[in-house]
Amino acid sequence: MADANKRGIFFDGIYLPTFKPLLENPEVRLNAIKNLEGRSDDVLITAFPRSGTHWLWEITYMLLSQEDQYTEKTKETAFLEFVDDWSNIEKIPSPRLLNTHVPYRWLPLQHIAKQRKILHVIRNPKDVFVSLFHFQKNFGSTEDWDSFYKSKVIGSGTNYGGWLEYERTFILESKNVHVIFYEDIKLKPTEEIKRLAKFLDVECSDDLIANIAEKCEFDKLKKAHLTVKKTESKVQHYRKGEIGDWKNHFTVAQNEEFDDLFRTKMAGSLLCSKYCPTTS
Ligand SMILES: Nc1ncnc2c1ncn2[C@@H]1O[C@H](COP(=O)(O)OS(=O)(=O)O)[C@@H](OP(=O)(O)O)[C@H]1O
């Protein structure tokens with residue numbers, strides 16, 4: 001049994017969410033992910049939580065299937081550390097779209113070695129933290145922002161090892177990865193969807209690209225999600241879907257402290273100029 005407490009499961013130096021397979025035995029599930037044999041046409045979506053995984057999933061699924069149909073249900077079956085029965089992964093028809101939040105060191109080795117397609121979505125960490133802060137309320141958290149800031153933003157208390165470490169390693173280690181920025185999909189969706197289609201080697205008409213962009217707008221995706229889940233589900237997955245909501249949460253002092261930490265930990269990374277330019 002893993003070492004689990006209300007912060008999550010502590011394993012291999014980081015916290016992981018209390019998904020059933022991870023609670024039962026994180027090592028078994030993480031090794032299953034790492035040793036996944038895979039198929040040549042598998043596509044793997046990787047992201048730190050709350051970075052836009054579901055959004056990218058829907059867009060990519062539509063591109064691969066060449067249809068602008070929502071797929072919410074399939075996503076959970078293909079969520080590698082979440083799916084209850086691992087054998088269900090093998091039942092997914094090709095081309096499989098798989099997804100995971102695990103850090104780079106646990107990604108399927110064969111997928112990397114054989115240079116199969118990996119998509120990686122990155123979002124401004126301040127907005128990621130704000131999204132996480134609100135998301136944890138779905139599970140009963142009453143933590144206030146200042147406490148969250150100390151333990152999760154500046155501390156290392158977030159699941160999957162903390163944003164800075166997760167993205168720093170990903171950017172350093174990864175090769176042949178299609179990186180997409182959340183902010184770019186939001187601001188220029190058709191351009192980003194076309195770029196993604198090219199990476200995936202799929203032919204798509206301009207009409208289909210435009211339809212996908214429209215169907216994957218925040219309000220439409222949120223509505224589709226609630227319809228598929230047949231819910232007023234307790235878990236509010238789609239909250240605001242905005243760029244810059246961090247400005248309503250971080251104090252000036254917190255912002256400066258985080259920027260300093262960012263520049264120290266991410267020195268030299270392209271993410272510094274993107275999210276933490278020195279003139280800001
Ligand atoms: N279409 C679209 N446009 C803009 N923003 C969108 C969209 N779809 C999802 N989202 C936002 O992405 C956040 C959830 O990220 P993830 O899907 O990675 O979350 S999860 O970790 O897989 O649960 C979460 O962000 P917040 O609203 O800021 O909490 C979602 O609302």
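Trainee: In this predicted model, which residues is leucine 56 in contact with, leaving aside its neighbours within four places in sequence?

Mentor: Leucine 56 is in contact with Ile45, Leu119, Val121 and Ile180. Contact here requires C-beta atoms within 7 Å.

Trainee: Where does Leu56 stand in the largest nonpolar core?

Mentor: That core has 58 residues, and Leu56, Ile59 and Ile212 are those with the most contacts inside it. Helix H3, residues 53-65, gives the core its largest share, seven residues.

Trainee: Which residues make the contact of H3 with H11?

Mentor: H3 brings Ile59, Thr60, Leu63 and Leu64, and H11 brings Ile193, Leu196, Ala197 and Leu200. By class, they divide into seven nonpolar, one polar and no charged.

Trainee: Why is isoleucine 33 called buried?

Mentor: The cut-off is 20 or more other C-beta atoms within 10 Å. Isoleucine 33 has 20, so it counts as buried. Isoleucine 33 is found in helix H2, residues 26-34.

Trainee: What does isoleucine 33 touch, not counting residues up to four places away in sequence?

Mentor: Isoleucine 33 touches Leu80, Glu81, Thr100, Val102, Trp106 and Pro108. Its C-alpha atom is separated by 8.7 Å from that of leucine 109, 76 residues apart along the chain.

How values were computed:
Residues numbered from 1 in each chain as written. Predicted model: local features only at pLDDT ≥ 70, side-chain atom pairs only at ≥ 80, totals over all residues. Core = buried A, V, L, I, M, F, W, Y, C linked by C-beta atoms within 7 Å. Buried ≥ 20, exposed ≤ 12 C-beta atoms within 10 Å, placed from the backbone. Helix = DSSP H or I, 4+ residues; strand = E, 2+ residues; numbered from the N terminus. Contact = placed C-beta atoms within 7 Å. Nonpolar A, V, L, I, M, F, W, Y, C, P; charged D, E, K, R; others polar.
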